[in-house]
Amino acid sequence: MKILIVDDFSTMRRIIKNLLRDLGFTNTDEADDGNTALPMLQSGKYDFLVTDWNMPGMSGFDLLKAVRADENLKTLPVLMVTAEAKRDQIVAAAQAGVNGYVVKPFTAAVLKEKIEKIFERIQ
Amino acid sequence: MSDSNNKNPQGLDPEVTEKLRVQANELVEHVNAGDYARAMTLISDLSEVRDQSLYREVGRLTRSLHEAIRNFQIDPRNAEQQEALSKMTDASDRLEYVVQMTGQAANRTMDLVEETMPKAHVIRDEAAALRDEWQRLRRREMQPAEFRDLYGRIDRFFVTLTEDADTIYNNLSEILLAQDFQDLTGQVIQKVTNLVKEVEEHLLSLVVMASHVDQLTGTVHEIESAEVSAEQGVGPQMNAEEREDVVSGQDDVDDLLSSLGF
């Protein structure tokens, strides 16, 4: 299970990386925005994408849309972990095909629950 | 503006409005009496009154504007003002410092947590293994040779446990100390907040002045309402509980998504 973590703040990437490791996912890579993440997703074989929304360069929302529009990536499970809390945004993310939405600040239990739910649905 | 109380809503002096009233009445009288030459002179007088009041108003506004700009302290002509200017430009440096400090604290904390967590794991695993052995001993299932091994293992465990407990304690106390940024960043943010408030007040008086000029000259601005797109992200929302368009936590998100069939 190879996971890409996309967030412009290294602190948040590190927190998510640690939480994922506690959940048994040790194979993780990091990117600091959509522009960096997309080529990584296209060339590396990732099984799961965890992304923030608000980032300089390409936002997580645009990254989600780019992933869904890419023939090879369109089925990649995407979990959004973000401080964006407007109802319109959550609806937009759902419509764009997000698999899970975690709003910051979040707990380890919430992240675990959402990830497990996503994998349940896939398997 | 201190003298704004003496003015009517259009920002004109009572003296000027009185003059206008008197001359307008005179104008009507002259027109009715057929004295057009006198009426024309009056019209020209009237426009002169308008121009004069405009000039006076513009002069006054220019002085206020100058005052307001000076309050902004963005004119570094002497040492005092240069210091004030640096107060303005300093604000972004200060906020950068806050980002740095919080980042450092977060990383320092995570370093220590990442160092401490495996130790807790090792202690737990070794304690569990020893407990199993201990149970075997109590059930008298242990050979003498095994017991001697256990004897040494318990001894070593006590030594590492003491050392690791010290390390864990020290790491926790360092984590505690790493939170001292809150005091420093709190002070910095308060300073910047005060500066922003100050700037806001000065800006507000500038806006009031500008609207004054607009009223005098009859300028109407077409203000385009710029709808901010949420697609690029807008960041954390304040007072989420009081707002309808914002979720106030993960439960709200889950409810919303399940209402969409998730």
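Residues are numbered from 1 along each chain as its sequence is written, and chains are lettered from A, with ligands numbered from 1, in the order in which they are written. Since the model is predicted, local features need pLDDT of at least 70 and side-chain atom pairs count only at pLDDT 80 or more, whereas totals for chains, interfaces and linings use all residues.

Q: Why is B:M117 called partly exposed?
A: A residue is buried if 20 or more other C-beta atoms, placed from the backbone, lie within 10 Å of its own, exposed if 12 or fewer, and partly exposed in between. B:M117 has 15 C-beta neighbours inside 10 Å, and therefore counts as partly exposed.

Q: Why is B:R140 called exposed?
A: B:R140 has 6 other C-beta atoms within 10 Å, and so it is exposed. Its place is in the loop between α3 and α4 (144–178) of chain B.

Q: What makes the phi of B:R140 worth a remark?
A: Most residues other than glycine have a negative phi. B:R140 is not a glycine, yet its phi is positive, at about 55 degrees.

Q: How do you know which kind of peptide bond joins A:K104 and A:P105?
A: Omega is about -5 degrees for the bond between A:K104 and A:P105, which is cis. A:P105 has its place in the loop between β5 and α5 (108–122) of chain A.

Q: What makes β1(A) and β2(A) a pair of strands?
A: Strands (E, at least two residues) and helices (H or I, at least four) are DSSP runs, numbered from the N terminus, and two strands pair if DSSP finds at least two bridges between them. Four bridges join β1(A) to strand β2 (residues 28–31) of chain A, and the two run parallel, with A:V6 opposite A:A31. Strand β1(A) is also joined by four bridges to strand β3 (residues 48–51) of chain A, again in parallel, and there A:I3 stands opposite A:F48.

Q: Which way do the residues of strand β1 (residues 3–6) of chain A point?
A: A:I3 and A:I5 point one way, A:L4 and A:V6 point the other way, and all are buried.

Q: What makes up the contact between chain A and chain B?
A: Two residues are in contact if their C-beta atoms, placed from the backbone, lie within 7 Å, and by that rule 22 residues of chain A are in contact with 24 residues of chain B. The elements that give two or more residues to this side of chain A are α1, α4 (87–95) and β5 (100–103), and α4(A) gives the most, with six residues.
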